[in-house]
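Please look over the sequence and the structure before reading on.

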Amino acid sequence: MSKKDKRPLTLRDVSEASGVSEMTVSRVLRQRGDVSEATRAKVLEAANELGYVPNRIAGALASSRVNLIAVIIPSLSNLVFPEVLSGINDVLDETDLQPVVGVTGYQPEREERVLYEMLSWRPSGVIIAGVEHSDASRNMLTAAGIPVVEIMDSDGKPIDAMVGISQRRAGRKMAEAILRFGYRHVGFMGTQLALDHRARKRFEGFTQALAREGVEIADREFYSGGSALAKGREMTQLMLERSPELDFLYYSNDMIGAGGLLYLLEQGIDVPGQIGLAGFNGLDLLEGLPRRLATMDSCRREIGQTAARIIAARLADPPQEVENHVTLEPVVTYGDTLKRR
């Protein structure tokens, strides 16, 4: 099939690619019947390369669709993604479309499994976090023949449509603000960058902007697991014990940043006079802190709403014209922890 051929893949496509009969392909994919290991491997390899996902709508034609939109996100414990889901639901609630959610835990292999299962029910569209995917996931998304919107990030080449912010630009803008207010000894705390591509890109933009002014990250600390206040407190304490000369701490998200702020205030450390702080995402919980943490709005709800509008417009009868590549612009909020002259 050519890349321009948007019809759903069928057993015949896998049969032709693997050189075995459609009946044998069906047996392999349904894990039924007696098939040799060599034939099974040949069929599975062909299905994987094509991005074929079996249709689990019993008795329906291969072109059938259900009014479900597959929404695939890395986490529900991270407060960012419930707001994205709220934005999606804001728009889809006015249509016949219903979102169904799958969670990947930032694991490419798990994303493949979630995507495979969700596509097997023939949803009408997919909204998926990030633009980095395994070859198998990209093949499935490309071959699905339905609208696909990748969200949260605009630094990359989308499979179909894309809505997000430039994560590298977000990192650069925060670094420029820190430098503008005279901070030079900067520590960074965040998630494991190999798992969180968006945090990695922000870190890259952040360090590049610092380097242009001759400033390097003086200390850094990475963690895995959910973003939590306790983790922010723990990492902040360890970093300042290790590097007491630091005058600014940049956190990859607001949750650990809030934990760091609470620790510093408990220790009687002058924020932002002695040490400045900033997080990322602009979460509502910041309003309940003793001081407002400097942060940057990641446009979460707007991203969800825009992605859902693209899906709804593409599925309208007739389809509506819509911008498929949307880059939103986050704004730095200085709060009380980034001093201004």
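## Aromatic residues and their surroundings

In this predicted model, one aromatic cluster is formed by Phe 188, Phe 203, Phe 206, Phe 222 and Tyr 250. Counting rings whose centres lie within 6.5 Å of each other as pairs, the number of aromatic pairs comes to seven. One of these pairs joins Phe 188 and Phe 222, whose ring centres are 5.9 Å apart and whose planes meet at 55°, so the pair is classed as tilted, given that tilted pairs fall between the limit of under 30 degrees for stacked rings and that of over 60 for edge-to-face rings. Because Phe 188 belongs to strand E6 (residues 186-191) and Phe 222 to strand E7 (residues 217-223), the pair ties together parts that are 34 residues apart in sequence.

The two partners can also be described by their accessibility. Phe 188 has a relative accessibility of 2% and therefore counts as buried, whereas Phe 222, with a relative accessible area of 28%, is partly exposed.

Aromatic rings also take part in arrangements with charged side chains. The charged end of Arg 180 sits over the ring of Phe 181, at 5.3 Å from the ring centre, and the charged end of Arg 202 sits over the ring of Phe 280, at 3.9 Å from the centre of that ring.

## The chain as a whole

The protein chain contains eleven helices and twelve strands, and its C-alpha trace spans about 70 × 45 × 35 Å along the principal axes. Of its 341 residues, 52% count as buried. Among the contacts in the chain with a separation of 6 or more, 69% are between residues 24 or more positions apart. The chain exposes about 15800 Å², of which carbon and sulfur atoms supply 47%.

| Residue | Relative accessibility | Class |
|---|---|---|
| Ser 137 | 0% | buried |
| Leu 338 | 2% | buried |
| Arg 212 | 54% | exposed |

Ser 137 has its place in helix H6 (residues 135-143). When neighbours within four places in sequence are left aside, Ser 137 is in contact with Glu 111, Glu 112 and Leu 115.

Leu 338 lies in the segment that comes after strand E12 (332-333). Beyond its neighbours within four places in sequence, Leu 338 has contacts that include Ala 177, Ile 178, Tyr 183, Phe 248 and Pro 272. The C-alpha atoms of Leu 338 and Ile 88, which are 250 residues apart along the chain, are separated by 33 Å.

Arg 212 is found in helix H8 (residues 197-212). Not counting residues up to four places away in sequence, Arg 212 touches Arg 172 and Glu 176. Between the C-alpha atoms of Arg 212 and Pro 108 there is a separation of 34 Å, the two residues being 104 residues apart along the chain.

How values were computed:
Residues numbered from 1 in each chain as written. Predicted model: local features only at pLDDT ≥ 70, side-chain atom pairs only at ≥ 80, totals over all residues. Heavy atoms only, no water. Phe/Tyr/Trp six-rings, centres within 6.5 Å; stacked < 30°, edge-to-face > 60°. Helix = DSSP H or I, 4+ residues; strand = E, 2+ residues; numbered from the N terminus. Buried < 20%, exposed > 50% of the residue type's maximum accessible area, 1.4 Å probe, protein only. Lys NZ or Arg CZ within 6 Å of the ring centre and 35° of its normal. Contact = heavy atoms within 4.5 Å. Areas by Shrake-Rupley, 256 points an atom, 1.4 Å probe, with all protein chains shown as cover.
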